[in-house]
Amino acid sequence: MKKNHTSKAWLTWGIMLVGANLRLPITMIPPLLPTIKQTLGLPASMAGMLTTIPLLMFALASPLIAKMGNRRGNEWSLLVALVILLAGSLLRIIPSLTALIAGTLLIGFGISGGNVLLPAIIKDQFPHSIGAKTSLYTVTMGLIASLGTGLAGLLNQQFNMQITLAAFSLVGVFGLLVWTLAFRTLPKKAARQGVQRKNIAVSRSMLAWWIALFFGLQSFLYYSLLTWLPSLCQAAGFSQIAAGNLATIFQLSGMPATLSIPFIAEKRHGLLYSVWGIMLGFVLGALGILIPGANFGLNVVYALLMGVASGAAFAICIVFFQKKTADAYETASLSGFAQSVGYLFAAVGPVLYGFIQTATGSWDLLLWLTVGLTLLMFVAGLIINANHRIFPSKANR
C-alpha cells in the first residue's frame with residue numbers, strides 16, 4: 001500500500017513537470033527571434049517556421065506515438081518522448097542554424113508524446129481524480145509557457161541566447177528526471193507492456209472526426225490570435241506596449257479556465273455549459289474588437305473573453321479524449337488521431353490569417369472569420385456533447 005502511494009506521488013509530480021514542458025520550448029522562441037536572425041543568419045521568411053515546425057510535428061508524430069503507447073505502454077513511451085525532447089532542447093544550444101532546426105524537429109516529436117499520452121495515463125492511473133490531475137498539467141503548461149515568453153527576452157538581454165536556451169532546457173531535465181523516478185516505481189509489467197488488443201481504427205468513428213474538428217478549430221484560433229493579435233491591436237491605434245499587454249492578457253487569462261473546466265465537466269450539463277461559454281467568449285470578444293474607437297479598458301475585457309474561451313476550449317478537448325472513450329487504450333488512440341488532424345489544420349492558421357490580411361488589407365475580415373470558425377466549433381461541440389462514446393458498444397468495434 002505504501003509502495004502504491006509512493007508511486008502515485010511520483011506520478012503526480014511527473015504529470016506536473018511533463019506539463020511544464022509542453023509549450024515552453026515553443027513560447028520562449030518569439031522573444032529570441034531578433035537575436036536568432038542576427039546570430040545565426042535566419043532569414044526573416046523562415047522565422048515563423050520555428051513555430052510552425054512543432055505544429056507540423058504534432059500532426060505527423062501524434063498517431064505514431066499513440067500506437068507506440070498502446071503497444072509498449074504509455075508510461076514507457078512518454079519516457080522515450082521526454083528523452084527526445086531534452087535532446088532537442090540541448091541541440092538548440094549549439095550556435096548553428098542546422099542544429100536549431102534539427103532541435104526544433106526533435107522538440108516537436110517530444111512534446112507530441114506528452115500531448116497524446118498524458119490524458120491516457122491520467123485516465124488509467126487516476127480514474128477517481130481525472131479532473132484534478134488534468135487541471136494540474138494544463139495549468140502548469142499554461143503558466144510555465146507564459147513565464148517563458150516573459151523571461152526569455154530578459155535572460156537574453158542579461159546574458160546571451162545560448163545561456164537562455166540552456167537555462168530553459170533545465171525544465172526538460174527536471175521533467176525527465178522525475179518521470180524516470182515515477183516510471184521506476186511502477187510494476188514492471190504495467191510500466192512496459194501496453195494493452196494487448198487489436199488496433200482500433202478511430203477514424204471509423206464519426207464522433208472521433210467531430211472531436212478532431214473541434215480540436216483543430218480551437219488550435220487554429222489560439223495560434224492565429226496569439227500570432228496576430230498584437231499587430232491587430234496596433235492597427236487599431238494602440239501602442240506597441242499596449243498591444244503586447246493585450247496579447248499577454250489573452251494568453252494568461254486562459255489559465256483559470258484550464259483549471260476549472262475539468263471540474264465543471266464532472267457536473268450535470270457541465271460539458272454543455274462549457275461549450276456555450278466557449279462560443280460566447282470568442283464571439284463577444286471578436287465582435288467587441290470590431291467596434292471602432294474602443295478604449296484600452298474595453299479591449300482588456302475583449303482579450304479576457306477570448307483568452308478564457310481559448311483556455312476552456314483546449315481543456316475541454318482533453319476532457320473529450322477522456323470522457324468519450326472506454327479505457328486508456330481508446331483515449332491514447334483518440335488523442336493521437338484528433339491531434340494529428342487538428343494540428344495539421346492549426347499549422348495553416350497563422351499563415352492563412354497573414355495571407356488574408358496582406359491580400360485584403362483588412363483586419364476586420366479576420367475577426368469575422370474568427371466568429372465564423374467559432375460558430376462551426378460550437379456546432380461540433382454540441383454534437384460531441386450529445387454523443388456518449390466514440391464506440392458506443394463492443395459490437396461497434
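I began at Thr104, which counts as buried because its relative accessibility is 1%, where buried means under 20% relative accessible area, exposed over 50% and partly exposed in between (1.4 Å probe, protein chains only). I was working on a predicted model, in which local features need pLDDT of at least 70, side-chain atom pairs count only at pLDDT 80 or more, and totals for chains, interfaces and linings use all residues. Residues are numbered from 1 along each chain as its sequence is written, and side-chain values use heavy atoms, with hydrogens and water left out.

I placed Thr104 in helix α7 (residues 97-125), taking helices (H or I, at least four residues) and strands (E, at least two) as DSSP runs numbered from the N terminus. Leaving aside neighbours within four places in sequence, I found Thr104 in contact with Leu50, Ile53, Pro54 and Arg92, contact meaning heavy atoms within 4.5 Å.

Next I looked up helix α18 (residues 364-386), whose 23 residues should span 33 Å at 1.5 Å a residue, and the 34 Å between its end C-alpha atoms agrees with this; the expected span is 1.5 Å times one less than the number of residues. I noted several buried residues in α18, among them Leu366, Thr370, Met377, Phe378 and Ile384. The cover over the buried residues of α18 includes α11 (206-235), α14, α15 and α17 (349-360).

From Met377 I took a distance to Ala166, and the two are 211 residues apart in sequence and 39 Å apart in space, C-alpha to C-alpha. Ala166 sits in helix α9 (residues 161-184), and I recorded it as partly exposed, with a relative accessible area of 28%.

I then turned to the surface, where Trp276, Leu280, Leu284, Val301 and Leu305 form a nonpolar patch with about 420 Å² of accessible area together. Patches are made of residues with over 30% relative accessible area and no salt bridge, like charges being joined within 9 Å and nonpolar side chains (Val, Leu, Ile, Met, Phe, Trp, Tyr) within 5 Å; the areas come from the Shrake-Rupley method with a 1.4 Å probe, and for residues only the protein chains shown count as cover. Both α14 (270-290) and α15 (296-323) supply at least two residues of this patch, and α14 gives the largest share, 3 residues. Val301 belongs to α15, and I have it as partly exposed because its relative accessibility is 41%.

I searched the whole structure for salt bridges and found 1, the criterion being a side-chain nitrogen of Lys or Arg within 4 Å of a carboxyl oxygen of Asp or Glu. The side chains of Glu266 and Lys323 meet in a salt bridge at 3.7 Å, N to O. Glu266 lies in the loop between α13 and α14 and Lys323 in helix α15, so the pair ties together parts that are 57 residues apart in sequence. Glu266 is partly exposed at 49% relative accessibility, and Lys323 is partly exposed at 30%.

I also stopped at His269, in the loop between α13 (254-264) and α14, where phi is positive at about 65 degrees although the residue is not a glycine. Most residues other than glycine have a negative phi.

Last, I searched the whole structure for disulfides and found 0, a disulfide being a pair of cysteine sulfur atoms within 2.5 Å.
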